Amino acid sequence: MRYSEMFLPTGREVPSDAELASHQLMIRSGMIRKLTSGVYTYLPLGYRVIRKVEQIVREEMNRAGAQELFMPMVQPAELWRESGRWVRYGKELLRFRDRHDRECCLGPTHEEVITDLIRNEIKTYRQLPRNLYQIQTKFRDEIRPRFGVMRCREFGMKDAYSFDADEAGAEMSYRKMFDAYGRIFRRCGLTFRAVEADSGSIGGSFSHEFMVMADSGEDAVIFCSSCDYAANLEKAEIARPEEVPNARTLKPLETVHTPDVRTIEQVCAFLSVRPKEVVKTLIFNADGRPVAILIRGDHEVNEIKVRNYLGCNELELAMDDMILEVTGSPRGFAGPVGIRAQVIADYSLLEGENFVVGANREDYHLKNANPDRDYAVSAYADLRVVLENDPCPRCGAPIRTARGIEVGHVFKLGDKYSRAMRAVFLDAAGSEKTMIMGCYGIGIGRTVAAAIEQSHDDQGIVWPMTLAPYQVIVTPVNIKEAPLAAAAEALYRELTDGGVETLLDDRDERAGVKFKDADLIGIPLRITLGPKKLSEGCVELRIRRTGEVRTLPIERTVEAVREHIRSETEALI
Ligand code: ATP
Ligand code: MG
């Protein structure tokens with residue numbers, strides 16, 4: 001491609017809402033333009049990168065035995081009513097009516113459509129297993145679209161769905177996708193971790209998120225400093241502590257007047273205690289029932305763990321009327337002693353004694369509160385958010401925390417959709433069974449943005465060879481000098497004929513301007529043709545990532561470039 005003919009509007013300007021480097025760079029390098037909130041156009045340069053990711057995804061999905069199809073974006077409401085999601089999905093689902101007043105939505109995901117297809121076509125175990133995927137546009141009316149294409153409303157996703165005859169088969173399908181995802185993100189040149197993610201009511205570790213490690217990531221992840229345990233913070237577990245023989249010296253319960261003392265900081269300052277000596281009592285409304293959760297003052301409750309532990313659908317912090325009902329006092333003084341609700345305590349309360357708690361009485365706290373003696377705990381459970389240095393639930397070594405960008409998600413669905421939508425088949429014995437499903441997503445645009453987030457410098461993007469929109473840029477320092485222009489043209493043709501994706505910077509611009517643009521758009525290799533080197537029959541090859549510059553005889557250039565591309569690509573497999 002000739003730069004002079006390319007629609008490639010690069011620039012220095014960035015909109016004020018572009019906080020992330022990737023967002024700024026995608027705009028500056030002429031990859032994307034915003035149409036409206038969370039909706040973007042990919043310009044030719046950006047679209048080339050999208051196609052690179054899609055190609056890697058296709059190759060690895062096909063290698064793993066999945067087959068590509070293409071489903072509609074507009075979906076009828078009836079299917080979503082069958083699965084129960086027409087009501088449950090919330091406002092991210094964009095709903096509308098057609099001219100016949102039929103309710104429809106724009107697909108945010110395709111479980112309903114694929115399950116409908118499969119239940120109509122697959123009748124016996126002989127037709128299973130199946131794994132079908134598409135690369136298709138999704139629409140999610142995100143409440144806060146931001147970071148450019150990282151969290152937008154209209155975006156390309158690869159979504160795959162597996163259907164198996166039994167659990168063992170479903171686990172194998174899951175494993176295949178897990179492995180394929182590892183290959184995909186390695187080939188994209190990303191540093192990532194597969195972390196255990198919350199799988200809601202399904203349980204077990206049958207959901208993994210693929211996280212690109214980046215300080216700017218929206219997700220918090222934890223990983224073990226010693227073994228390979230890694231999880232999304234929401235899911236990260238804490239093991240039940242060893243039971244210690246009860247060598248407690250229980251002090252007498254004491255009521256103290258604590259006027260205007262509500263927060264943990266205020267309690268600690270007023271009573272001269274540390275946060276870990278205070279117990280917070282959080283009252284939740286779990287499907288209409290009050291539940292008191294006890295958490296140490298230096299910890300935070302993890303509502304997802306509470307929800308999963310209780311197995312409830314709706315969980316929210318109780319309103320004032322429920323608090324008054326169970327504690328007999330206004331908000332801010334709840335404690336376990338005498339409370340009229342089931343009490344569940346975090347594991348951390350199995351250790352320590354003589355805690356400060358709320359007194360269920362306005363402006364009072366209790367000192368030296370102890371379970372069994374002063375209040376009943378119906379169960380101890382893992383209910384809190386994991387912190388740096390907590391012991392790993394698998395091996396006990398200290399936990400580390402980091403930030404990540406979720407680029408992919410593999411999920412064992414079980415029979416959630418196949419049961420609701422009756423996707424059944426006849427097994428070898430002729431009896432009817434429900435199919436076991438899995439679903440597997442990769443955000444194409446988000447993967448591109450994550451790659452930039454992970455690989456850029458002050459000058460611009462630094463593409464891994466496998467994602468680069470062009471592998472090489474040929475830059476004659478002055479296009480008006482006929483010998484330079486002719487040599488550049490000849491080299492460009494030779495590279496292109498040799499299968500190298502090449503951009504020829506044939507613009508009548510100063511060399512400095514050309515170098516800046518080449519760095520901004522992140523082309524991995526730059527070949528510079530200047531009068532002095534050329535008179536010696538040589539060109540300069542510069543490697544964008546390292547800044548290394550080599551002088552090469554012009555006739556050896558194509559070979560050297562191809563060799564470099566080959567070795568950099570193979571290093572990622
Ligand atoms: P998130 O928690 O970030 O909203 P999600 O759990 O809703 O993601 P999935 O439903 O698992 O995401 O979708 C599969 C993949 O699609 C994600 O891993 C991500 O790469 C991509 N994706 C999801 N939402 C968006 C979005 N709003 N913009 C761009 N990509 C997205
Ligand atoms: Mg989401």
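Visitor: Which strand gives the most residues to the shell around ligand 1?

Guide: This is a predicted model, in which local features need pLDDT of at least 70, side-chain atom pairs count only at pLDDT 80 or more, and totals for chains, interfaces and linings use all residues. Residues are numbered from 1 along each chain as its sequence is written, chains are lettered from A and ligands numbered from 1 in the order in which they are written, and side-chain values use heavy atoms, with hydrogens and water left out. Both β8 (154–164) and β21 (399–414) supply at least two residues of the shell, strands being DSSP E runs of at least two residues, numbered from the N terminus. With four residues, the strand that gives the most is β21.

Visitor: Which residues come nearest to ligand 1?

Guide: A residue is near the ligand if one of its heavy atoms lies within 4 Å of it. There are 14 residues around ligand 1, and those that come nearest are Arg140, Glu142, Arg151, Cys152 and Glu406.

Visitor: How many residues of strand β19 are buried?

Guide: Strand β19 spans residues 364–369 and is mostly covered. Buried means under 20% relative accessible area, with a 1.4 Å probe and protein chains only. Of its six residues, the number buried is five.

Visitor: In β19, which residue is the bridge partner of Val256?

Guide: Two strands pair if DSSP finds at least two bridges between them. Four bridges join β13 (residues 254–257) to β19, and the two run antiparallel. The partner of Val256 in β19 is His365.

Visitor: How many disulfides does the model have?

Guide: A disulfide is a pair of cysteine sulfur atoms within 2.5 Å. Cys105 is buried at 0% relative accessibility, but its sulfur is too far for a bond because the closest cysteine sulfur, in Cys104, is 7.6 Å away. By this rule, the count of disulfides is zero.

Terms used
Buried means under 20% relative accessible area, exposed over 50%, partly exposed in between (1.4 Å probe, protein chains only).
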